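Please look over the model shown here before reading on.

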Amino acid sequence: MDQDSPRVRAVRDESESTDDDLLLAVARGDRQAFSALYDRFASIAHGVVRGVVRDPSQSEEVAQEVFVEVWRMAPRFDPDRGSARTWLLTMAHRRAIDRVRSEQTSRDRTERAGHRDRGRSFDEVSEQVEVSLEHEQVRTALEVLTDLQREAVELAYYQGHTYREVAEILNTPLGTIKTRMRDGLIRLRDEMGVTA
Amino acid sequence: MTSNDPDIHTLTGAYALNALPQDERVVFEEHLDTCDPCARETDEFLTTTAKLGGLLSEPAPADLKASVLDEVDRTRQERPASGGEAEVVSLADRRRPPPAWITWITASAAAVAVIAVVAMGVQLGSVNDRLEQAESIASQATEQLDEVQSRSARIEQLLAAPDVQTVSYQQEGVHSRLVVSDERGEAVFVASGLDPAPHEHTYELWVHGDDGAVPVGLFDVENGATVTQIVEGDFASAAAIGVTVEPAGGSPQPTTDPVMVMELSS
């Protein structure tokens, strides 16, 4: 529309850019693109961090680290290896995990591993979840996994346990857990791929 | 564990879930630099785990953005490549093959086209006809793919809108939710447990506001399926969203009692 002011026009253009376009613009130092990318991903990135870290103020700190790292590392983003969304959420999850693990280095990891409720269970978390097409896909895909696959994936991803801790919690040999994590992700990948 | 351990190939899953302790993560990352199958599988798994992360949306504290922007102003960006000279290497040289899922989607779209063309080939007269058909089917497949992609991008953007509100409805096995952004004038309507509309009928969505009921879209549902519908409308002045059953093709005004009504808080 012709009567739009230039500012409104610019904002509208950004809302039409893909995630990848925004991140590539951030890689060139574009702050406005960074602001738009933040708006688009703040809730999801914060949610991923909060799911693992739990403590609200620590989660906020980690989320801040994540977005500053997004800015800093954007020039290294390679769209051929995966989407901006994957890149950003991988970073958020890893930062959250690192925070949780550095907290517990001095503690007895075994004892800690027996403590199942550090993170929130998938069911609790899913209460707060927004609805989207993708959510339905993810839930459906998770239902396809065997119990052991699903538990291994959820304990690791949603609660931040290492595979050794997962093995102890589920009282299952290490080798089996490694394979179940891989099998589980293969099934999830295929299941999501089919409906994508 | 060393990067030559034969067992190391099974660690792609644990790595993508961030379930490797720091020391093993480093070893595995070295391995990824030299093992293409593992690198490819890992890229696919990271796309998968990012989708798991997508379930965890939770609004960030309002003042976080200002702190982030403030710190960003004082933060220098990394150089594009890892080493100083590496910057000279052209992008094309560093390029990996696209992630398998992209190849898969493209391949399956192409396969759909090929199967359709082969099926049709029996009835088609000339080679030229077949070629034209093939082109139009292939472009239809691409359009469908684009549509699916732009649809999910639109839903994601809507969910990320700052003013987004969610309204739920649950009764007699029907669950539905509406995620609305007044500012974007858009909503996503998701419903499960609805019976298919009766023969020669359709479901119609309405925005109820000061001007009465405004039709905003038709949908039907297959047995047991979930409906996901993007709706455009003026939600800012709307009091409720309703769904009625209407004759096929829809009606300009509701002609039956609503199947469900979801009230919007203003």
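How are α3(A) and α4(A) oriented to each other?

## Basis of the report

This is a predicted model, in which local features need pLDDT of at least 70 and side-chain atom pairs count only at pLDDT 80 or more, while totals for chains, interfaces and linings use all residues. Residues are numbered from 1 along each chain as its sequence is written, chains are lettered from A and ligands numbered from 1 in the order in which they are written, and side-chain values use heavy atoms, with hydrogens and water left out.

## A helix pair in chain A

Two packed helices are described by the angle between their axes and the distance between the axes. For helix α3 (residues 31-53) and helix α4 (residues 56-73) of chain A, the angle is about 140° and the axes are 9 Å apart. Axes are lines fitted to C-alpha atoms, for helices over the stretch in contact, and angles run from 0 to 180 degrees between N-to-C directions. α3(A) and α4(A) are therefore oblique to each other. Angles under 35 degrees count as roughly parallel, over 145 as roughly antiparallel, 65 to 115 as roughly perpendicular and the rest as oblique.

Residues of α3(A) that meet α4(A) include A:Phe34, A:Leu37 and A:Phe41, and among their partners in α4(A) are A:Val62, A:Val66 and A:Trp71. Contact means heavy atoms within 4.5 Å.

## Chain A as a whole

Chain A has 11 helices and 0 strands. Helices (H or I, at least four residues) and strands (E, at least two) are DSSP runs, numbered from the N terminus. Of the 196 residues in chain A, 54% are buried (under 20% relative accessible area; exposed is over 50%, partly exposed in between, with a 1.4 Å probe and protein chains only).

## A sheet in chain B

Chain B holds an open sheet of 4 strands in the order β5-β4-β7-β8, with antiparallel pairing. Its edge strands, β5 (212-219) and β8 (260-263), each pair on one side only. Two strands pair if DSSP finds at least two bridges between them; strand β7 (residues 240-247) of chain B is joined to β8(B) by 4 bridges. B:Val243 stands opposite B:Met260 in β8(B).

## Two loop residues in chain B

Most residues other than glycine have a negative phi. B:Asn18, not a glycine, has a positive phi of about 60°. B:Asn18 sits in the loop between α1 (12-16) and α2 (22-34) of chain B and is buried, with a relative accessible area of 4%.

B:Glu200 also has a positive phi, about 55°. The loop between β3 (186-192) and β4 (201-209) of chain B contains B:Glu200, which counts as exposed at 57% relative accessibility.
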